[in-house]
Amino acid sequence: MQSAADKQDAGLSTVAEASRQRGFYLETYGCQMNLADSELIQGVLEKAGYRPVADPLDAGVVLLNTCAIREHAEQRVAQRVRALISASRNSRVRIGLAGCMAQHHREKLLAAIPGLDFVVGPDGYRGLGELLNAEGGFAQLRLDRDETYADISPVRGEGTRAWLTIMRGCNRFCAFCVVPYVRGRERSLPAPVLLNELRSIAEQGYKEVVLLGQTVNAYEHDGVDFAALLRMSSTVDGIERLRFTSPHPADMSARDIEAMADCDKVMPQLHLPLQSGSDRVLKAMDRGHDMEQYLRLVDQVRAAVPDIALSTDIIVGFPGEGESDFEATSAVMDEVGFDHAYMFKYSRRERTRAENIEETVSEEEKSARLSRLIDEQQVRAGAINERMLGQLTQVLADSPAKKQAGWLAGKNRQYKTVVFDPHGATVGELVDVKIEATGPHTLRGQRVA
Ligand code: SF4
């Protein structure tokens, strides 16, 4: 027979267990869209009575918000989720995968990963609270052409910079890319909703906002295009800086460039994915533009915004990429002089248009081409940044510097990382910094009054 003390202990442990069941642990992989989606998921779960916990072993729900762009990213997530399942073997935790990888592999994941309880795709977050409140596993994978989550408030972390999703999905179907299949077609949020959200972001104390979309400059809602939205957004008091990512070169209009030039709050920084410098490969990739158009666009942007920093994405080893195509990519990167580049080896993805195109570039050759581009970009970025020596640059102080006690780190207007001696300035301030040392990735200096 149980003693009164035993019964009390049992009661307490039941309460503790019930409390643990309402805790959720969320880990995010991939791009900024996914980071923003995780803030949305947090909003949905908190509304449903769940609370975030920092340790997966303290959680009743463990959720990994995943990326499907490259096979390697998926393998990392699969390893991680298996480790989490094995660490929580004896508890009643429910473990799930959200996002692009969940949508890409669908129910197959539940069979392939024993112990995985649920999968939820990018359009399935709205009902997540109710699904988790019910017993058992589930697969919520329906893509919804109308889902924008316009009425759901994301829970943003502390910081100086906020992310705001203005459109979802993509209509372009580039041959290598899985995004249109896992995130569905383009849909934009109404401008009044976005302006309200921007005001709320400003009230929460954020100084900088990054407008997000898979093809962000394809934004269109009720006659408001991306250029008009940029102009409206820059009228919101309290928001000092605006950025956006990622625009598609073929969607970049003269109106967009004019708005960038006219609005002081729109920062001189543009991520313009190139993928390849060869017309032949661009055509095979179905990118919707050729090199002449891309280079003309670069000229137009630089003429309108002379201090702009340009970054790009490059894929090496797309099927059919010959030595001369690769040389063209290397030459164009030099010609444009990108401040920064995200460079990857081609990764064949199921369900994409390129899935059935025979690979012609060996892994060794892809690696060799990639490391050459990385080395070249390192030198290029180093030289571009060196020109900043002795100059003043405006920095938004984001956080304490990681490696130098008492210093701060932040981003300048061109989104370059600046580490600086703050001389009394604090996180959240916009300050002028005189650059005293540079490298390919970081600038260092002293704040000047
Ligand atoms: S524009 Fe192309 S690369 Fe970008 S998300 Fe759409 S399909 Fe993928």
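**A walk from strands to ligand**

Threonine 438 has leucine 443 as its bridge partner in strand 21. Strands here are DSSP runs of E with at least two residues, and helices are runs of H or I with at least four, both numbered from the N terminus. The model is predicted: local features need pLDDT of at least 70, side-chain atom pairs count only at pLDDT 80 or more, and totals for chains, interfaces and linings use all residues. Residues are numbered from 1 along each chain as its sequence is written.

Stay with strand 21. Strand 20 (residues 430-438) pairs with strand 21 in the antiparallel sense, over 6 bridges. Two strands pair if DSSP finds at least two bridges between them. Strands 20 and 21 form a hairpin, with 3 residues between them. Strand 21 (residues 442-448) also pairs with strand 19 (residues 417-421), in the parallel sense and over 5 bridges. There, valine 419 stands opposite arginine 444 of strand 21. Strands of a sheet pair through backbone hydrogen bonds, in either sense.

Now look between strands 19 and 20. The loop there holds histidine 423. Its phi is positive, near 45 degrees, although histidine 423 is not glycine. Most residues other than glycine have a negative phi. Histidine 423 counts as exposed because it has 11 C-beta neighbours inside 10 Å. The cut-offs use C-beta atoms placed from the backbone: 20 or more others within 10 Å make a residue buried, 12 or fewer exposed, and anything in between partly exposed.

Aspartate 222 is another such residue, with a positive phi of about 50 degrees. Aspartate 222 sits in the loop between strand 11 (220-221) and strand 12 (224-225). With 8 other C-beta atoms within 10 Å, aspartate 222 is exposed. The peptide bond from threonine 245 to serine 246 is cis, with omega near -15 degrees.

Strand 5 (residues 118-120) pairs with strand 6 over 3 bridges. In that pair, valine 119 has alanine 139 as its bridge partner.

What about the interior? The largest nonpolar core has 103 residues; Ile41, Leu97 and Ile166 are among those with the most contacts inside it. Helix 2 gives the most to this core, 6 residues. A nonpolar core is a set of buried Ala, Val, Leu, Ile, Met, Phe, Trp, Tyr and Cys residues joined through C-beta atoms within 7 Å. Nonpolar side chains tend to be buried together in soluble globular proteins. Buried residues of helix 2 include Met33, Leu40 and Ile41. Glycine 49 follows helix 2, and its phi is positive, near 95 degrees.

Last, the ligand. Around it stand Cys170, Arg172, Phe173, Cys174, Cys177, Val179, Pro180, Gln214, Thr215 and His248. A residue belongs here if its C-beta atom, placed from the backbone, lies within 6 Å of the molecule. This shell divides into 6 nonpolar, 3 polar and 1 charged residues. Ala, Val, Leu, Ile, Met, Phe, Trp, Tyr, Cys and Pro count as nonpolar, Asp, Glu, Lys and Arg as charged, and the others, Gly among them, as polar.
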